[in-house]
Amino acid sequence: MPATEDRRHVRRIKGVAAATTVALAVGFAWGEVTIVRQYQRFLREGTAGGPSATVDWFLQSAGMGTSEELLNGVALARLPADVDVAFVAPVSRISRQDFWQTCYVSSYLLYPRRVWGVAWCDPGAETGMCETFPAASDLVAAVSAHSARYVLLVGDVELPLTHVRTHRLSSSLTLLDLQ
Amino acid sequence: MNADISGSDATGLVLALGLLLCLGRAILALSVREIALGRTEVWALSFLLGAGGISLLIFWLSPVFGIVPARWLLSLITVGLVLLASARGRRLPPRTNDAKLASNRGVEPRWLQRALSVAIGVQCAALVLMALQTSLGWDGLINFEIKARIAFANRPSGRLPLAYLSDASRAWSHPGYPLLVPLTEFWLYSWIGYAHQGLVKLLFPAFYLSLGGLFYGVSSRLMPKSHALLGWFALGLLPLPAIGPGAAITGYADVPLAAAGFGAISFTYLALRTGIRDYFVLAALLSSLAVWTKREGALLAAYVLIAAVVARAVQARREERPPFATAGTVWWLLAAPAIVAGPWAWLQRGSGVPDLDFSPVTLGTLSANVSRLPIVVRFLARELVLPGHWGLLWPAFAMTLVLSTRRLRDVSERFLLGAVLIPMGLYTSVFVFSAWPTFTDHVGTALPRLLISLAPVALLVTIRHLRECLVCDRTSI
């Protein structure tokens, strides 16, 4: 390549590199603004940093009380350690996200007990709601399928299940003994 | 701060982290003979190797925890390794110029280095504050911390019960995921004395600091220190690794994978450029940590191994040597990850818990779902240009590739470039096998986080090539 062409080529490369560097810097500035705004939000909405901070945050965001309430209630109810528990909620009373989130957090807290999520397609459910969970219409069969002797019920509803005892764990959670 | 820390909690935390760092330092001293490592690199590698070493030892030695409690056994091993490293006189050599790469350095004002160091310090302090201000993210709780808690609550403490691996009621917690993060969290719990979801958050800014330290260490071999510091600072300006899902403060494994993956890739690159054995050893250690951190780490480790073998063969041919004359140095990249992955894979063979996220990889699944690929590629393209996630890193990365095509004749440069593009392609393709009812939900939640492990390498390539283009002349292009 002739020398003048070389020089033009070098200038072009430097020009494009300079423009790219400027664009990169602008992008980083945008990123920093995004980060600072999010940090401000964290400072405003900060969570307590205690031993159960995270599980409490997830439970309380779904209106389910605290982990301490759940665990104290389970201890008072003398729930055995090696049992299957059905986590039941009527789909008309809870969102899909809150259902599965609270089910998994309950499973986390109740370890080593096995917790199975059973969304109930209750009579109050709107058309199409049951399929999104997915939810069972026959609650007795769904609970029996997991050999669950206990039910952790979300909300204040009458279930079509024969139970011997109930234990109120919190304003939102009740433990039913099916034996 | 909201960390709710007592004096004994703090003491336990300091002891746990101190022993972890000592173990990592000892492993580093026993592994590295020739090359000089800077102080920042030493701290970064000590933390990473310590976390990997502690978690692997917990996993391998858990059968004997009924005889000797986990924290005492591991503390004894740590002290033993420190004494062994000291007895062998394995002091890390002082930092000297790496002759082959030194020509890329330059003279720069110290005030700039100090200013950037202060800025990086402020970034890191803010990260620690935010980690204490926020809860674990969803995956941080139900994929990783849950395993730490189960191991802690089990008797003997530290042993993950086999029943958990086959517990269908907890299949959503992905019992098959590798255990670096959960078992490092358990290590903290074993010294604090109880599970503490606030204090355990402090691990994750430490992983981010290790990533930054490694980035600086590698970059400063290739460019002036102030530019390397600028790169470290720029890393902290990427929103997704700092504050998004999978970020340095959420308790996910993406930033630890980014640290291990960046180390494996960049040390392999340095090994290919210099031929120094120690770089291959460090790459192998970090590659095995990547495998132990996330399943995607196996893809990175496989790329590093295969690409390094090919690159060494190409170099040997150019130097007119037999193609596998240098296989002796590369075999570490196979052996180390295999030693880590093998026992874990064997343990899971009998677990019987199906993977909820992916269908089996068969031709039938591929042919049925190949139509997903254009959708995933479109999603990836949109993600790469989101300034609220990545600034303009990826468009700049693409532009530097166009500007630097001549430099890509060097096989080591092609290795580095491939370390971004090939895993990106693999990560995109894997969603063809997604088992989620709505696979686009899976793409939306997972794909952005997968890019976290590739972003540091992309940033290194971008900064380096832009810098070299800005100072280029007729002879260098």
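Author: Helices (H or I, at least four residues) and strands (E, at least two) are DSSP runs, numbered from the N terminus. Under that scheme, Arg39(B) is found in helix α2 of chain B, residues 39-61. The model is a predicted one, in which local features need pLDDT of at least 70 and side-chain atom pairs count only at pLDDT 80 or more, while totals for chains, interfaces and linings use all residues. Residues are numbered from 1 along each chain as its sequence is written, chains are lettered from A and ligands numbered from 1 in the order in which they are written, and side-chain values use heavy atoms, with hydrogens and water left out.

Reader: Why is Arg39(B) called exposed?

Author: Exposed means over 50% relative accessible area, buried means under 20%, and partly exposed is in between (1.4 Å probe, protein chains only). Arg39(B) has 71% relative accessibility, and therefore counts as exposed.

Reader: Which residues gather with Arg39(B) in a patch of positive charge?

Author: Arg39(B) gathers on the surface with Arg110(B), Arg114(B) and Lys225(B). Patches are made of residues with over 30% relative accessible area and no salt bridge, with like charges joined within 9 Å and nonpolar side chains (Val, Leu, Ile, Met, Phe, Trp, Tyr) within 5 Å. A salt bridge is a side-chain nitrogen of Lys or Arg within 4 Å of a carboxyl oxygen of Asp or Glu.

Reader: What makes the link of Cys121(A) and Cys130(A) a disulfide?

Author: A disulfide is a pair of cysteine sulfur atoms within 2.5 Å. The S to S distance between Cys121(A) and Cys130(A) is 1.9 Å, so the pair meets that definition. The link is right-handed, with 80° about the S-S bond, and the structure holds one disulfide over all chains.

Reader: Which peptide bonds are cis, the one joining Phe133(A) and Pro134(A) being an example?

Author: The bond joining Phe133(A) and Pro134(A) has an omega of about -5°, and Pro134(A) lies in the loop between α5 (129-132) and α6 (139-145) of chain A. Another cis bond runs from Arg155(B) to Pro156(B), with omega near 5°. Pro156(B) is placed in the loop between α5 (138-153) and α6 (162-165) of chain B.

Reader: What is the phi of Arg78(A), and what is that of His174(B)?

Author: Arg78(A) has a positive phi of about 55° although it is not a glycine. Arg78(A) sits in the loop between α3 (67-76) and β1 (84-90) of chain A, and its 71% relative accessibility makes it exposed. His174(B), also not a glycine, has a positive phi of about 50°. The loop between α6 and α7 (180-192) of chain B holds His174(B), which at 13% relative accessibility counts as buried.

Terms used:
Accessible areas come from the Shrake-Rupley method with a 1.4 Å probe; for residues, only the protein chains shown count as cover. Lys and Arg count as positive and Asp and Glu as negative; His and the chain ends are not counted. The place of a charge is taken as NZ of Lys, CZ of Arg, CG of Asp or CD of Glu.
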